Amino acid sequence: MRKSFLFFSFLILCFSAKAQVELDEIVGAEKKHFLRVHKSKQGGAADNSNVIYQRLELKADPQINYIAGKVTTYFIPASVISTVEFDLKDSLRVDSVVYHNSVLSFFHTSDILRCNLSVAIPSLQTDSIAVYYQGVPDASGFGSFKQTVHDSNKPNVAPFNTPVIWTLSEPYGAKDWWPCKQNLSDKIDSMDILVTTPDSFTVASNGLLVEEIHNGNQKTFHWKHRYPIATYLICFAVTNYSVYNHYIPFNGDTLTMTNYVYPEHLAEAQSQNVAYTAFMQLFDTLFGNYGFSREKYGIAEFGWGGGMEHQTMTFQTGFGFELTAHELAHQWFGDKITCSSWSDIWLNEGFATYLAGLCYEHVAPQYWEVYKWQKRNAALAEPHGSVWCDDTTTVGRIFNSRLSYAKGAMVLHSLRYILGDDVFYRSLKNYQTDVNLAYSFASTSDLQHHFEAESRKDLSQFFQDWVYGKGFPSYQITWSQNFDNIITATVNQTQSDPSVSFFEMPLPLHLKNGTHDTTVIVPHHFSGESISFPISFLADSLIFDPQQFIIWDTTTTVVRQPAYDFSFFLYPNPVKDVLQMRLEATQGGKAEVKIYNTLGQLVLNNTQEFTAGRNIVALDVKNLLAGAYRITMNGAGKKVTSSFIKTN
Ligand SMILES: [Zn+2]
């Protein structure tokens, strides 16, 4: 795994410049589509049966904005049913509905196709129904079914203005182009997708391409997918793709990555092969096997800014570091396990954002601190709001880049910090392999359960504060170090939102001087708590959370205070030549220093200036005779006494 990371220096340079803006592009793309389709989500087809298989047989010519097809659905009714419903836009025309070789009557209105069965079907009896339809898919806005051209902005690269069609259905756009069931409760257990197109074009889709069937000047691409899939993750795209395979060493075997790229971008896509390998191997190591390894992974280029994590076939515009990492991460978090409601969208987006950061941490570590800093700053942009989405009627709230993406990612980083890497990654591997969640849906409480089971910790307070609670803390830290090198830190906390009265979180305190440093993690139970611990050296400074484990406001302050009103400490003792005096005072001033021998005779008398805080004063004592001495210091209205031994 690690070995392959050695090849990355050139790649890092290519990607660094774009890293700053990529998350906004990703979020923008995901949200824009949602904005268009969410308005039409009213009601939806009755969910009275379990869809076990669908076969899409479609005709799509990228030169024409049109679709025609037959969709056969196999299902198991949950109860006795006499109708079967599908989500399908009214703008598409249903030609016929066929059931057991008979044509059924149907109603198609309000974007729902209701098929009236000739006889009721008993519960748990597998049955099937076929819908023949055609039309111009809804073309408003950005489009879940988009017919356009590519390479139009590269006039020197032929061919010009090549037609292309792509689909992008998240979350409610599938019904724009095929009769389906749009929900977050029932994955389709397996699919076949057959798309017929003029033979100068190539079709990309989910799963494995098992057959290309020539028929005159037409060609049918038969894609087979044998993993459960959420409706919004089904896709196809068709244009004059250049197709190439890239082979990724994988668990002693090889995973085939099949990419469909515009011919004018083939070299650019291939130049990133080393990144695809590194990201895939990293996620596979950290989170368990790539969930669709019996088939493939692939990227199909499309023309819309950002990307879409279609299962086994991500659609991307470009091949940037963060975009590629983010969309690949969704294969684990979003595709293999899909959020069970839009309130839990952070289980998709917070994870994908965090995993893109992990690619920096492992592959381009010089950008890891910057990435965390960016995400934390994004989370701090406004004082309110929770990671868990508390308003799914508001589109902008669901795909809120600050909360669902950036804050979600940094909360995961905090969890990793308090649990440790081993427990954190083991919990997520367990989550990924949970038979109730894998290839199905998960909620935030499912995730919490896995972290708690592995860590044997009650994380309800953590989730309440950081996932469901709103806002973030600001810390006010004062600290001092006494002459025994014991650090005492008093930590106050305020909160940006009243929904959380106190953010409980262990605090990483980094202490250092010119030659030594250490990080001590201390518990913090209440605002105003005073915490003491020893270190082995005299610290110059305390830095709070330098590795950015915690989301804390930039109003946070760290102030060193003197450990004493007016006191000093001598070293070395015994001393031969120069006696060092560490003097601490709350206010600056002058002090009279006197040294007496055992006979009470004054042998040294001088005046020292000192400042508020810590002072180091050197006294030349090499001319004193060997023996015991008493030293007094008179300043700041106080007189302090100590003693030392002079040696030869
Ligand atoms: Zn995403």
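**Backbone features in loops**

Aspartate 111 lies in the loop between β6 (106-109) and β7 (112-121), where strands (E, at least two residues) are DSSP runs numbered from the N terminus. This is a predicted model, in which local features need pLDDT of at least 70 and side-chain atom pairs count only at pLDDT 80 or more, while totals for chains, interfaces and linings use all residues. Residues are numbered from 1 along each chain as its sequence is written.

**Positive phi values**

- Aspartate 111 has a phi near 65°, which is a positive value in a residue other than glycine.
- Aspartate 111 counts as buried because 23 other C-beta atoms lie within 10 Å, the cut-off for buried being 20 or more other C-beta atoms within 10 Å of the residue's own, with C-beta atoms placed from the backbone.
- Alanine 636, in the loop between β35 (627-635) and β36 (638-646), also has a positive phi, near 50°, and is likewise a residue other than glycine.
- With 19 other C-beta atoms within 10 Å, alanine 636 is partly exposed, a term for residues that fall between the buried cut-off and the exposed one (12 or fewer).

**Cis peptide bonds**

- Tyrosine 571 and proline 572 are joined by a cis peptide bond with an omega of about -10°, and proline 572 is placed in the loop between β30 (566-571) and β31 (578-585).
- A cis peptide bond also links asparagine 573 to proline 574, here with an omega of about 10°, and proline 574 is found in the loop between β30 and β31.

Key
Helix = DSSP H or I, 4+ residues; strand = E, 2+ residues; numbered from the N terminus.
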